[in-house]
Amino acid sequence: MRPLEAERSNLNCFIIIIYFNLHKKTDLLIQPCKLDHSITISSGDHSLIQSAKEKQDRESRGRIGTAIRLHWEMATAGKVIKCRAAVAWEPNAPLVIEEIEVAPPQEGEIRIKVIATGVCHTDLYHLFESQQKKGFPTVLGHEGAGFVESVGPGVTDFKPGDKVIPLFISQCGECRFCKHPKTNQCDRNWSSKRYDVMSDPTSRFTCRGKPILQFMGTSTFSEYTVLNQIAVTKIRDDAPLNRVCLLACGISTGYGAAINTAGVTPGSVCAVFGLGAVGLAAVMGCKNAGASRIFAVDINEQKFEKAKVFGATDFVNPKAYDKPVSVVLAEMTNGGVDFSLECVGNTEVMRSALESCIKGWGVSVLVGWTDMADFSARPIQLISGKTWKGSLFGGFKSKDCVPKLVHDYMSGKIKLDEFITHNMSLEQVNDAIKLMKTGECIRTILNISK
């Protein structure tokens, strides 16, 4: 029999496949799989093997194997956990790997063991651009995935061992925004209380005797984090956490901006400004919506090959012309594109994207995150029939839609692996930030828990 190894040694839940051959020997293999059977045992209960074998003989003769889900009650439930986290003590400074304390979940809350997280430009925005000193010290990260470690009183939809994705946009299901079909915002989200500092006033983190803010309500640059259950969604057991974590922000944002907010139509002509992860996801959305031409616009031509992978058909470097890029696109498309998506977070690019749309019906969507400057346009741009709109998290209602996006990835409808250019440890978080800041990566995955 092979040694039994979990995906992480101190997880409270993992999946195994128990194989039986014709000679009645048993072999164990850790593998993501469809859940066939669920039981709860203690860590010393060896009757599992016989129980699974009897189930195999009784119900599954001739099948390859039976999936068993194991649950252990962790000794950490109800107690303060000490763990590693990357703490941002102040703006414009390197993150510091610290031992922090994570309090148990309270009423309606869930404590999550974070397995993997992406590094998103919004993390860098808060660290380098926003200049909100009240937003520090904090633990950054909002693009993660992991397992439920424990739940607080009143939580009934989650249990220890569930695979989950923390959400920076909550969905309570009860407020006027959640009930409205035209928005994915929620009155109970962290942004309703302290939008300026990008955190909720309540935190379960402390370090060196000081409270540490939870960035965007999530803080996935930590081995453990605590969220309200309205900001967590359960996903399928066979989903790879170091891939689907990207659906917590960037990929969903760009993809949904195209298919939901812009409403790209079959046969249309699109332009995507900015070819980071969000922009490439927007390209993917345009392609999946049936666009006939997709212009990838970026000053870094090295990104054009990657854009081609996601469906871009034409490529424009604004610096290669002695005229505005909006004029270039108008000349190449007989008047302008049907849909444009700005995925940079630059107010000048936002205006260029609008001006690149065709009059009468052109739609331009602001996707890149910024709150640092005003933006403007000539009124005639809108009077002539163009539409200018914004998109937050791609218009997806978070708890409802993220599990569906996970399924779309697992079924091959959307790409995730192709976005990942680097894999690093939590200790390398400052290297990952540098890669993002210099544009040398698309997405870096940080493997958080050992």
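The model you are looking at is a predicted one. Its protein has 13 helices and 22 strands, and 5 of the strands close into a barrel. Here is a friendly tour, starting with the whole chain and then moving to single elements and residues.

**The protein as a whole**

- Of the 450 residues in the protein, 55% are buried.
- Among contacts with a separation of 6 or more, 69% are made by residues 24 or more positions apart.
- The protein has an accessible surface of about 19,600 Å², and carbon and sulfur atoms hold 50% of that area.

- E15 runs parallel to strand E16 (residues 293-297), and 5 bridges join the two.

**The barrel**

- Which strands close into the barrel, and in what order? The order is E5-E6-E11-E12-E8, with mixed pairing.
- Strands of a sheet pair through backbone hydrogen bonds, either parallel or antiparallel.
- E5 (residues 81-88) and E8 (residues 138-139) run antiparallel and are joined by 2 bridges; Ala 88 stands opposite Thr 138 in E8.
- E8 also pairs with E12 (residues 210-214), this time in parallel, through 2 bridges. Here Val 139 has Gln 214 in E12 as its bridge partner.
- E11 (residues 205-207) pairs with E12 in the antiparallel sense over 3 bridges, and Phe 205 has Ile 212 in E12 as its bridge partner.
- E11 and E12 form a hairpin with 2 residues between them, and Arg 208 in the turn has a positive phi of about 55°.

**Ile 81 in strand E5**

- Ile 81 is found in strand E5. Is this residue buried or exposed? Its relative accessibility is 5%, so Ile 81 counts as buried because the cut-off for buried is under 20%.
- Glu 101 is 20 residues away from Ile 81 along the chain, yet their C-alpha atoms are separated by 5.6 Å.
- Leaving aside neighbours within four places in sequence, Ile 81 is in contact with Thr 76, Ile 100, Glu 101, Val 102, Arg 111, Glu 149 and Tyr 224.

**Helix H2 and its surroundings**

- H2 (residues 121-129) packs against H13 (residues 429-437) at an angle of about 95°, with the axes 10 Å apart. That makes H2 roughly perpendicular to H13.
- The contact of H2 with H13 is made up of 5 nonpolar residues, 1 polar and 1 charged.
- On the H2 side, the residues are His 121, Leu 124, Leu 127 and Phe 128; they meet Ile 433, Met 436 and Lys 437 in H13.
- Buried residues in H2 are Thr 122, Asp 123, Leu 124, Tyr 125, His 126 and Leu 127. Their cover includes E5, strand E7 (109-118), E8 and H13.

**Backbone details in the loops**

- Where is the cis peptide bond that has an omega of about -5°? This bond joins Phe 136 and Pro 137, and Pro 137 has its place in the loop between H2 and E8.
- Asn 92 has a phi near 60°, a positive value in a residue other than glycine. Asn 92 lies in the loop between E5 and strand E6 (96-102), and is partly exposed, with a relative accessible area of 44%.
- Asn 334 also has a positive phi, near 60°. Asn 334 is found in the loop between helix H9 (325-333) and strand E18 (339-342). With a relative accessible area of 70%, Asn 334 is exposed.

Methods: Residues are numbered from 1 along each chain as its sequence is written. This is a predicted model: local features need pLDDT of at least 70, side-chain atom pairs count only at pLDDT 80 or more; totals for chains, interfaces and linings use all residues. Side-chain values use heavy atoms; hydrogens and water are left out. Two strands pair if DSSP finds at least two bridges between them. Helices (H or I, at least four residues) and strands (E, at least two) are DSSP runs, numbered from the N terminus. Buried means under 20% relative accessible area, exposed over 50%, partly exposed in between (1.4 Å probe, protein chains only). Contact means heavy atoms within 4.5 Å. Accessible areas come from the Shrake-Rupley method with a 1.4 Å probe; for residues, only the protein chains shown count as cover. Axes are lines fitted to C-alpha atoms, for helices over the stretch in contact, and angles run from 0 to 180 degrees between N-to-C directions. Angles under 35 degrees count as roughly parallel, over 145 as roughly antiparallel, 65 to 115 as roughly perpendicular and the rest as oblique. Ala, Val, Leu, Ile, Met, Phe, Trp, Tyr, Cys and Pro count as nonpolar, Asp, Glu, Lys and Arg as charged, and the others, Gly among them, as polar.
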